[in-house]
Amino acid sequence: VCVCVCVCVCVCVYVEHFDSSTISKLKEMALKSPNNVVSIGECGLDYNRNLSTKDEQIYAFTEQVRLACSLGLPLFIHEREAYQDLKKVLDSFKGQLPRVCIHCFTGSRDELVSYVKEGYYIGIAGFVAKNKRGLGLREMISEGLLPIDRLMIETDAPYMCPDDRRCKAYQRKNEPCTLPVTAQVLASCYGMEFKAFCKATTDNASRFFALSSSSSSPTPSLSDKGDADRDDADDVKTKTQPVVTGSGGHHPHHHSRHSTHHHYRRGGGSRGGIATSSSSSPRTVYRPNQSSS
């Protein structure tokens, strides 16, 4: 159970709504609520369907990166099939960039290595717990390509639900309550005990978003009795509630797709973050107990 005491949000805008007044409006929002607006994003580039032209996307992304630099707010970034152009934009701000998270990473080994080399945080969603599609990502993590101190965990709701019997009720509409399953999969990849892993990633989120200490935050439970082996779908439910705010504007369902995964309530922690915890068991490539994709 997460105790919700304060809403924290990221601010951004759809590319198709981006004009000469957009940045000043975003800046005004951030400055009006400095204790609640904790990041610029999600913003970025998505060349999978190109619902906006590449030039339009690059312009809007560049201006939002510039805003984040000027405000000193971390960047929460979406990248899909656009690695080279996104890297060019970020490289043009070297020496000025705030903290950066590449959210919902599903890219290649080389891209992961490159992002980590730059010191960026990497957001991992339920994709890692998909039986077939997530295998490559699990292998990369198990090989140590993503340091625990650069890991963030997220839902990317309403998509990216883990392949797990406990999440069966949420396959068509993922919710933050499935996050402990993703955490369990990742803890296995890192060879960490579940509680230590949750503490590490929650601390990461607190550090990335400059939130208050998360040391008193409760560990998310995979069941109402804390039993990680229970298979009932209801066992992954928690009382963490999503907060709907902005969107980046590159996916046909972007607002609903990203309305929950990167907006959360301070004091609880539905996403993960940094920290160093010693490994208590060998790294393994986790294989979910149910395949649905």
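**Close-up views of a predicted model**

Asn50 sits in the loop between strand E2 and helix H2 (54–71). This is a predicted model, in which local features need pLDDT of at least 70, side-chain atom pairs count only at pLDDT 80 or more, and totals for chains, interfaces and linings use all residues. Residues are numbered from 1 along each chain as its sequence is written, and side-chain values use heavy atoms, without hydrogens and water.

**View 1. Asn50 and its backbone angle.** Asn50 is not a glycine, yet has a positive phi of about 50 degrees. Most residues other than glycine have a negative phi. Helices (H or I, at least four residues) and strands (E, at least two) are DSSP runs, numbered from the N terminus.

**View 2. Two cis peptide bonds, Gly41 to Glu42 and Ala157 to Pro158.** Between Gly41 and Glu42, omega is about 5 degrees. Glu42 belongs to strand E2 (residues 37–46). Between Ala157 and Pro158, omega is near 10 degrees. Pro158 lies in the loop between strand E6 (151–153) and H6. Most peptide bonds are trans.

**View 3. Helix H3 beside helix H4.** The two axes are 12 Å apart, at an angle of about 10 degrees. Axes are lines fitted to C-alpha atoms, for helices over the stretch in contact, and angles run from 0 to 180 degrees between N-to-C directions. H3 is therefore roughly parallel to H4 (angles under 35 degrees; over 145 is roughly antiparallel, 65 to 115 roughly perpendicular, the rest oblique). Tyr83, Leu86 and Lys87 of H3 meet Glu111, Ser114 and Tyr115 of H4; contact means heavy atoms within 4.5 Å.

**View 4. The second largest cavity.** Its volume is about 40 Å³, the space filled by probe spheres set on grid points joined across faces, edges and corners. A cavity is a set of points on a 1 Å grid over the protein atoms alone where a 1.4 Å probe fits but cannot get out; lining residues have an atom within 4 Å of a point. The lining includes Tyr83, Leu86, Ser114 and Tyr115. H3 (83–91) and H4 (109–117) each supply at least two lining residues. H3 gives the largest share, 5 residues.

**View 5. Helix H5 crossing helix H6.** The axes of H5 (residues 135–142) and H6 (residues 179–190) come within 8 Å and cross at roughly 45 degrees. That angle makes H5 oblique to H6. Arg138, Ile141 and Ser142 of H5 touch Val185, Leu186, Cys189 and Tyr190 of H6.

Conventions:
1 Å grid on protein atoms, 1.4 Å probe; cavity = no way out; pocket = protein on both sides within 12 Å on 5 of 7 lines; lining within 4 Å.
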